[in-house]
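Please examine the sequence and the 3D structure below. The briefing that follows considers two ligands and the residues around them.

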Amino acid sequence: MSYIQRARTRAQALAQAQGVNILAIESSCDETAAAVVRDGRQLLSNVIHSQIDLHTLYGGVVPEIASRAHVEKIDAVVQAALHEAGLSFEQVDAIAVTCGPGLVGALLIGVSYAKGLAFALDKPLIAVNHIEGHICANYLSASDLQPPFMCLVVSGGHSHLLRVQEDDSYALIGCTQDDAAGEAFDKAARVLSFPYPGGPKLDALAETGDATHFILPKPHTQGRYDYSFSGLKTAFVNLTHQMKQRGDALPLADLAASFRQAVVEQLCDKAMLAMQDTGERVLALAGGVSANHLLRQHMAQACAARGYMLYMPELRFCGDNAAMIGAAAFKRLQHGQIADLSLNANPSLRLV
Ligand code: KG4
Ligand code: ZN
């Protein structure tokens, strides 16, 4: 029997089993991460090595530097995840890895490592879409969450409103027409001279600012549930440049608060519109931007006012991590979806 035949037989048994330990690997951008997740919900370990220090100097992620740092760290990160979980390689039931979307060189490190490991250990290999990972981070924090539900995915590269269907597939409800929400936060933060990644820093400073100080434009989108952040970003850049040209001191906190308010209002308004139109009653947030203080507050208030259930990942599961990849891999395993050794990185992999 070949590797893939043995893996298929093993995966079939695992799909029905309990106590399934998945070792998950994530290397799609600037975090080298590994985690062990049991039955898609129980976290046994979660190790993240962030490369932020390496990239801050350049004002953004440098793909070549990211790939090299992944190569250097991946082995130690995986070993640490197993050690933290108290498991040996042999006690792991399957290997999961992010295969896209992301930076191709960065993804390839994780994919190659996971393929080698799966073959050497003779265990099934599960390919995970990074976006599905973000969505499934919610299963780690909420043991009662089950599809169907609406999910707002807001990260550095994506802003999607999706419906998670009963069968764990995804239906696209709306998406950004231009920039992603995280990208918009990072660009606004850069204009205010915050180092990369500026989103969290802008969020922290906005806490002390007056969000009504500057009125920023509301976008017009083609689709009823679509987003757009590029007009807002341009208006913000122009506003700050004009102030700089006049020699005015920038009211940083008020600028940050006004920008954050405009982004959050748009995210929240469209999500509520979609919930209302579709009759959905459960909403989940996902992705790096779901760590945003105002977004969490605003969504909590909006959902409470309408009687909707709101799920938000714990802060440690909002940004990139491998635990969420383990949670998503469990879903794929339950649907009998395993990868063979021809698995490749796909930088523009789509979820829907
Ligand atoms: O999901 P993520 O870690 O990586 C991608 O898959 O893209 O998201 C990273 C993005 C960055 O743009 C970062 O600035 C943004 O999430 N972000 C935030 C906050 N924390 C992270 N944006 C606004 N407020 C935050 N608190
Ligand atoms: Zn991500």
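A polar contact is a pair of N or O atoms within 3.5 Å; within protein, one must be able to donate a hydrogen and the other to accept it, and residues adjacent in sequence count only if both atoms are side-chain atoms. This is a predicted model, in which local features need pLDDT of at least 70 and side-chain atom pairs pLDDT 80 or more, while totals for chains, interfaces and linings use all residues. Residues are numbered from 1 along each chain, ligands are numbered from 1 in the order in which they are written, and side-chain values use heavy atoms, without hydrogens and water.

**Ligand 1**

- The side chain of D203 places an N or O atom 2.9 Å from a nitrogen atom of ligand 1.
- A backbone N or O atom of G288 is 2.9 Å from an oxygen atom of ligand 1.
- On its own, ligand 1 has 560 Å² of accessible area (Shrake-Rupley method, 1.4 Å probe), of which the protein covers 84%.

**The zinc ion (ligand 2)**

- Its protein donors (N, O and S atoms within 2.8 Å of the metal, or 3.2 Å for Na, K and Ca) are H130 (NE2), H134 (NE2) and D320 (OD), at 2.0 to 2.1 Å.
- Along the chain, the donors of the zinc ion follow the spacing H-x3-H-x185-D.
- H134 belongs to helix α5 (residues 130-141) and D320 to the loop between β10 (309-311) and α11 (323-334), so the pair ties together parts 186 residues apart in sequence; helices (H or I, at least four residues) and strands (E, at least two) are DSSP runs, numbered from the N terminus.
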